[in-house]
Amino acid sequence: MSGHSKWSSIKHKKGAADAKRGQLFSKLSRAIIVAAKEGGADPSANLALQNAIEKARSYSMPKDNIERAIAKGGGADAEAASFETVLYEGYGPEGVAVLVEALTDNRNRTAAEVRHAFTKHGGNLGTTGAVAWQFERRGVVLVAAANTDEDELVMVAAEAGADDVELDGSSLVVTSAPESLTSVRQALEVAGFAIESVELAMVPKTTVSVSDESTARRIMNLVDGLEESEDVQDVYANFDIPESVLEAVAS
């Protein structure tokens with residue numbers, strides 16, 4: 001978990017590049033549309049929709065955009081009806097396990113793009129079940145560690161249903177069961193903690209340590225290459241890279 005949470009934190013701090021913001025919001029909207037289509041437009045009765053909204057909010061997606069996406073998914077919108085969720089599994093440099101979640105209206109196109117990214121950046125696309133067993137679905141909230149009372153955070157998070165709080169570089173990682181993510185986020189916000197990101201993520205059970213900057217750059221190039229696909233919603237990997245190395249790669 002730790003290495004990828006560091007990378008997530010760095011990306012949130014830097015913010016989505018202006019050139020990619022439109023694509024980012026498009027992906028977030030697509031996730032909301034599909035969640036509303038599959039489980040209904042009421043977030044209180046649709047956990048997947050709750051989590052899609054939480055993630056959109058953490059990226060500062062405008063409220064109007066979120067509401068439009070919910071309305072699309074809750075109606076008879078053709079865009080909502082055409083998408084399906086697909087999971088790709090593979091390996092990156094140093095045998096790092098990689099999970100790719102996509103929402104697509106064309107499996108052949110998406111598979112070709114994902115396979116190309118793996119091949120281009122020194123990875124291999126695997127078969128179904130190759131690495132998924134190494135991950136578990138968790139609610140993840142990143143809180144800025146600076147000026148945060150960790151003991152108070154642990155108490156508030158636990159009372160809201162969180163399972164664990166872990167210091168990871170410059171962030172405190174609060175993990176919970178998926179159904180507790182919203183209540184944990186709300187409790188931390190009310191308590192005044194500086195939340196960096198909120199998402200439902202596939203968290204690795206074990207990690208691969210990578211300290212070489214060249215290897216780290218290859219891994220992150222693979223992650224970035226996969227995320228460039230408009231169909232790819234999320235990329236998860238089980239690397240553990242020191243924050244100083246990630247900062248160097250990000251710069």
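## Nonpolar cores

In this predicted model, the largest nonpolar core has 25 residues, and those with the most contacts inside it are Val98, Val100, Met220, Leu226, Phe239 and Ile241. A nonpolar core is here a set of buried Ala, Val, Leu, Ile, Met, Phe, Trp, Tyr and Cys residues joined through side-chain atoms within 4.5 Å, where buried means under 20% relative accessible area, exposed over 50% and partly exposed in between (1.4 Å probe, protein chains only). Two or more residues of this core come from each of β1 (84-91), β2 (97-104), α6 (107-120), α9 (213-227), β9 (232-237) and α10 (243-250), and α9 gives the largest share, six residues. Helices (H or I, at least four residues) and strands (E, at least two) are DSSP runs, numbered from the N terminus.

Val100, one of the residues with the most contacts inside the core, is in contact (heavy atoms within 4.5 Å) with Val86, Leu87, Tyr88, Val114, Phe118, Leu226, Val232 and Asp234, leaving aside its neighbours within four places in sequence. A second, separate core of 16 residues includes Val143, Ala162, Val174 and Leu188.

## Basis of the values

Residues are numbered from 1 along each chain as its sequence is written, and side-chain values use heavy atoms, with hydrogens and water left out. Because the model is predicted, local features need pLDDT of at least 70 and side-chain atom pairs count only at pLDDT 80 or more, whereas totals for chains, interfaces and linings use all residues.

## The chain as a whole

The chain has ten helices and ten strands, and 51% of its 251 residues count as buried. Among contacts in the chain with a separation of 6 or more, 73% are between residues 24 or more positions apart. The accessible surface comes to about 11,400 Å², of which 48% belongs to carbon and sulfur atoms; these areas come from the Shrake-Rupley method with a 1.4 Å probe, and for residues only the protein chains shown count as cover.

## Helix α6 and its buried side

The 14 residues of α6 should span 20 Å at 1.5 Å a residue, which agrees with the 20 Å between its end C-alpha atoms; the expected span is 1.5 Å times one less than the number of residues. In α6, Thr110, Ala111, Val114, Ala117 and Phe118 are buried, and they cover an arc of only 130° around the axis, which puts them on the same side of the helix. The arc is that of the directions from the helix axis to the C-beta atoms. The cover over these buried residues includes β1, β2, β3 (124-125), α9 and β9, while the face turned away from the buried side carries the exposed residues Asn108, His116, Thr119 and Lys120.

Leaving aside neighbours within four places in sequence, Thr110 is in contact with Tyr88, Ala102, Thr104 and Asp231. After α6 comes Gly122, whose phi is positive, near 80°.

## Helix α8

In helix α8 (residues 181-190), the buried residues are Leu181, Thr182, Val184, Arg185 and Leu188; they cover an arc of only 165° around the axis, which puts them on the same side of α8. Of these, Leu188 is also included in the second core. What covers the buried residues of α8 includes α3, β4 (135-144), α7 (150-159), β5 (162-168), β6 (171-176) and β7 (195-204). Gly192, with a positive phi near 90°, follows α8.

## Loop residues

The loop between α3 (47-58) and α4 (63-74) holds Met61, which at 5% relative accessibility counts as buried. Not counting residues up to four places away in sequence, Met61 touches Phe25, Leu28, Ser29, Ala56 and Ile66; Met61 and Ser29 are 32 residues apart in sequence and 9.1 Å apart in space, C-alpha to C-alpha. Ser60 is found in this loop too but is exposed, with a relative accessible area of 57%.

Most residues other than glycine have a negative phi. Ser60, however, has a positive phi near 60°, and Asn147, in the loop between β4 and α7, has a positive phi of about 60° although it is not a glycine. Asn147 counts as exposed, at 85% relative accessibility.
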